[in-house]
Amino acid sequence: MNYIPNAQPMANSIFPLFLLFLFFHFPSLSPAKLRPDFYSNSCPQAESIVRSVMHKAFIREPRSVASVMRFQFHDCFVDGCDASMLLDDTPTMLGEKLALSNINSLRSYEVVDEVKAALEKVCPGIVSCADIIIMASRDAVALTGGPNWAVRLGRLDSLTASQEDSNNIMPSPRANATYLIDLFNKYNLSVKDLVSLSGSHSIGQGRCFSVMFRLYNQSGTGQPDPAIEPSFREELFKRCPQGGDENVTVNLDSTPYVFDNQYFKDLVGGRGFLNSDETLYTFAETRRYVRFFSKNQKAFFRAFVEGMLKMGDLQSGRPGEVRRNCRVVNGQSVII
């Protein structure tokens, strides 16, 4: 994603990361056991409970639902959709919360905690944290004006997490379209999927940290990215000055609380915040989809749903469980 909004830039170039991918096990699409009615008997209220908690979170802090929606991306791309990213570190395990793409970037974990607590009161030990991420991501989109869809459920939660895997997989905001296409292809996700799923940046914000190189040293030139529209560039100079607070946030598109196709209109106009966003318009193979979605919101919504479902089907095939607390595996004490 980022494609991922606030991932820190990698210390080395993208090419060494590509070499890592040659040896890395990518999760496969295995949706056979997943189905929309998975909890119809064991916890029929599951989806309404998730939607209710997400709605309360949206009213309390609109940005929080955008943050939760990105959990699906950060979870499913690393060893499949298994809620590994929700596990806290332990003395024997470095989890994914402090991985390069997550630290100082992912937030609103407490919303998932609230959802899990509400479900445990009604259906203890039934609904997995991995399925909560999938339902909550869908609800974040629907609550902000985007499409609603039937999600496939029945995932198990992982027994471990890997900061190393997350570091090796998740792309930097410096990533270009060629790199992103190659990454998505490893998950059997198409160029169309890449562009439509990047539309997740229709809602939410990113940190100045993620755009500083675009503003002041694009490609080592000491100059701003020429693809940035001049008035937008001046706006970013003011929001993200050199030597300023790089944790200041900037809207990812000009309608950050509404899920719509404005993100693509902004890319066409040179107003994409992240390099990994604007590259989708400056690169020919992805540009046609950006243009298409900028003119046809319904088509974007359809493609986005298709991409989210495909991404949600990614499974590692490893053993799992239904966690009682999304932050720890069952039988492990919670460290306060």
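The points that follow are grouped by topic.

The structure is a predicted model, in which local features need pLDDT of at least 70, side-chain atom pairs count only at pLDDT 80 or more, and totals for chains, interfaces and linings use all residues. Residues are numbered from 1 along each chain as its sequence is written, and side-chain values use heavy atoms, with hydrogens and water left out.

**Disulfides**

- Four disulfides are counted, a disulfide being a pair of cysteine sulfur atoms within 2.5 Å.
- With bonded cysteines counted along the chain, the pattern is 1-4, 2-3, 5-8, 6-7.
- Cys 43 is joined to Cys 123 with an S to S distance of 2.1 Å; the torsion about this S-S bond is about 80 degrees, so the disulfide is right-handed.
- This pair links distant parts of the chain, 80 residues apart: Cys 43 is in the loop between strand E1 (28-29) and helix H2 (46-60), and Cys 123 is in the loop between H5 and helix H6 (129-143). Helices (H or I, at least four residues) and strands (E, at least two) are DSSP runs, numbered from the N terminus.
- Cys 43 counts as buried because its relative accessibility is 1%, and Cys 123 because its value is 4%. Buried means under 20% relative accessible area, exposed over 50%, and partly exposed in between (1.4 Å probe, protein chains only).
- The sulfur atoms of Cys 76 and Cys 81 are 2.0 Å apart in a disulfide, which is right-handed with 120 degrees about the S-S bond; both cysteines are buried.
- Cys 129 and Cys 326 form a disulfide with sulfur atoms 2.1 Å apart; its torsion of about -95 degrees makes it left-handed.
- Because Cys 129 lies in helix H6 and Cys 326 in the segment after strand E4 (314-315), this pair ties together parts 197 residues apart in sequence.

**Ser 108**

- Ser 108 is in the loop between helix H4 (71-76) and helix H5 (109-122), and counts as buried at 4% relative accessibility.
- Leaving aside residues up to four places away in sequence, Ser 108 touches Ser 64, Ser 67, Val 68 and Phe 71 (contact means heavy atoms within 4.5 Å).

**Pockets**

- On a 1 Å grid over the protein atoms alone, a pocket is an open set of points where a 1.4 Å probe fits, with protein on both sides within 12 Å along at least five of seven lines; lining residues have an atom within 4 Å of a point.
- The largest pocket has a volume of about 280 Å³, a volume being the space filled by probe spheres set on the points, which are joined across faces, edges and corners.
- Of its 23 lining residues, Asp 82, Ser 316, Gly 317, Arg 318 and Pro 319 are the closest to the centre.
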